[in-house]
Amino acid sequence: MSDAMSHFLALTPMADVTLYHYLVVSAAMFALGLVGFVSRRNMIVMFLCTELMFQGAGLAMIAFGRRWMDHNGEVFVIFVLTIAAAEAALALALVVLLYRKKHSLDTEAWAQLRG
Amino acid sequence: MAGIIANLMSGLAPTLATAHGAAGHAVTNGAHEAAAAHAATPFEFITPDAGPGFALLILALPLLASVLCGVYAALGIKGKFPAWSTVVLLAGSFVATLMAAGTVFQSNAPLIVHGFDWISLKWGNVPGQSLTANFSLFLDQLTVLWMLFVTGLATLIALYASEYMAGDRGYARFFGFFALFVFMMSCLVMGDSLVLLYLGWEGVGLCSYLLIGFLYKKPSAVAAAKKAFIVNRIGDLGLALGLMLAFTQFGSLEYKEIFRQVAELQAGVAHGHEVPWSIRAIPLLLMVGAFGKSAQLPLYVWLPDAMEGPTPVSALIHAATMVTAGVYLIARFLPVFELNPAALNTVAWIGCLTAFFAATIGMATYDIKRVMAYSTVSQLGYMFLGLGVLSSAGAGNHVVTHAFFKATLFLACGAVMHGFAGQLDLRRLSGLWHMKGWKIVSASMLVGCLCLAGFPLSAGFFSKDMIIAESFVTEGFGGSLLGLLALLTAGLTAYYTFRVFFRVFVGPVEYHAGDEHHGDDAHDDGHGFHPHAPGWAINTVLVTLSAFALAASIPYLIMWFGASHDGWITGLVSHSTAKASNITVGVDHTATFLGANPHFIMYFVSGGIGIVGILVAWLLHFRGRTEAATSPGAEEAARAVGPILTWATNKWYVDEFYDFLLRKPLWFLAHVFYFIDALLVDGIVNLFGWMPRAIGGSLRPSQNGFLQSYAVGMTGGLALLLVIVWIVG
């Protein structure tokens, strides 16, 4: 068992928040988003899940940036956030349009694009 | 014009002079002296001079006529413009030939007229490593002889066709092909190299194909056209191989070089040298081409079927000119043939057997145009016999006289066909002589029949006798068997010729219309049929041609009374490469037939046989005949010969035999190959087409359209990648 895991599970009294803690949180966020994306069919929820994966990745980058004292990580995350904001507007507009067509948010309603 | 006639006559002058000198002697002596002229002196070739450029017009004018007809057809011009421009330009070509003849007669050497440089290849510096074939003309008296009747007859027959083809949708197309044929025939005859001859050879074959299949909506015409083309391919293969072998042996395809070397070879033979087999094989190959084009055994089968073409085409191409191309080829290369007596022997026997065989079929055929076709095959056989027994002069004479009387016969048959809506069955026509407006046709038919039957003192009589007599005196050719068979054939010829005349042109008047109607005068309105007599164009041409056919005998008569057996054409033939040198084949000057010189006695024997044939035809087909369908004599004769008549009417089942021997096996083989192609070749090709489809089909279900399954796929892929990285890393 690695040190980070030991800290996280509070097996040792050491209370310092290290890089590993951030990475574990980041991985958890990403995994939750992925599971949500795969298991849910509601377009808005699926969209939110992708946002969750985004933020997980962003958290990892900020953690690395902090760890190596390199601001590229933070800059990149701010850039991604900006893009994500624009993309969210676009994606939600699409969702609205798709909803108007089928009166449903279920992705199964759009399954005719099969080969 | 007067100068040209004078030149033509000057060619005769020496012969006439000797004739007058010998007038005091007995006829037999004169003939013996003439025979003694066949001394064995090697062939000599005189180096050619440059000739007059206007001779190129002989070729250029028909080509121009053909192009003009193409323009008329493209512009959709109606009317008789194609006919008139063709007739005028062909007449121009004939005049140019006459003028060229005048120049040629004044020159001792052959003339070469350079048109333009055509093929010039060089791949080494050694002789034989270059090929030169210019578009040049080779003019000697043999060329002139051929071109005179080719262009002359073409002009007359084009005039005939202007009326005959009237109302046909393909009027311009007809004259375009017709003029193209004359151009190609000129290339064949006048070319100064084997390459140009080959071009013309294939060109006339093409035109023949196009014109036999002129009525391309008629299945029998299309089949006949294909048959003619395919059978000719077999012969042309022989010609092509002969041409290639000649190139390897002589290192050139130009006549002037080939004949220079042949003259050396013949001089060598005179000194007892052997001719290498590779050179002796050349005539054997060339004659295969000649047999195909001139419809000899075993390749004659296409010519009778070629009668599906319009009658002017049958008259010009399939009777008078194109089919004599084989005779021209052998006559032109007679010095080469003389290097191999076996080749000459083959030519003589094939010719003689063809003459006999075709005559037997002609006796039992009911279609008058096909009777004439078999007669053409038979007469061409005589020409080959003449060449084979080294009577190139006889062959030359027979070509010319035959061209005129056979064209007359065909055009007369064509007039009948035209007037009676395609009726050609001699059992359904009778007594045309007594019908209004058919006198000229009947009289021309009579003239043609007399010439073909070898009636005494007609042109055909003289030219045929030269060949038959020569086959008795030339040594080493199966004794007198050739001559006897040729004499028998002469009797058969007289019979089948006058069978047609007595059945169709005299006797009770009776006719039944055929089932073809010419465009503007369809008689299918249910009001009965009225035959329409030929108009001025057809009558003019018939009168002119029969006048020529009659007049062709006058020079013979002059010389006959002058105690010479040489015809007027003999002078032309012996001033060319076609002159026989008798270097390998001797002449038996002491040979006799019925106790006399064959050249002398033959006039009486063959004349008598001709008259007997005519009498038999009269007995069987005229005496006591009251209806068109049959006659008492013919029925009696049919009972006497029994099934032989049926066999002969069915052409001795040669077509069926070829069908069984060649067509059926080929058909079977074609189907075998078809299945191999369909199963194996197509199978492999289709397999490659089927594979991507199969792969795509097996992968298609993964594209199910559900977003989640794609996401799972991506996640799974990512996981797989991570695992790999974890293991490897």
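Me: Happy to start with helix α20 of chain B: what span does α20(B) reach from its first C-alpha to its last, and what is expected?

Reply: Helix α20(B), residues 481-505, reaches 36 Å with its 25 residues, close to the 36 Å expected; the expected span is 1.5 Å times one less than the number of residues. This is a predicted model, where local features need pLDDT of at least 70, side-chain atom pairs count only at pLDDT 80 or more, and totals for chains, interfaces and linings use all residues. Residues are numbered from 1 along each chain as its sequence is written, and chains are lettered from A in the order in which they are written.

Me: Why is α20(B) called largely enclosed by the rest of the structure?

Reply: A residue is buried if 20 or more other C-beta atoms, placed from the backbone, lie within 10 Å of its own. In α20(B), 21 of the 25 residues are buried, so this helix is largely enclosed. B:Gly507 follows α20(B), with a positive phi near 90°.

Me: What makes α16(B) oblique to α19(B)?

Reply: Helix α16(B), residues 368-388, packs against α19(B), residues 459-473, at about 45°, with axes 9 Å apart. That angle makes the pair oblique, as angles under 35 degrees count as roughly parallel, over 145 as roughly antiparallel, 65 to 115 as roughly perpendicular and the rest as oblique.

Me: Which residues make the contact?

Reply: With contact meaning C-beta atoms, placed from the backbone, within 7 Å, α16(B) brings B:Tyr382, B:Leu385 and B:Gly386, while α19(B) brings B:Lys464, B:Ile467, B:Glu470 and B:Ser471.

Notes:
Axes fitted to C-alpha atoms, helices over the stretch in contact; angles between N-to-C directions. Helix = DSSP H or I, 4+ residues; strand = E, 2+ residues; numbered from the N terminus. Contact = placed C-beta atoms within 7 Å. Buried ≥ 20, exposed ≤ 12 C-beta atoms within 10 Å, placed from the backbone.
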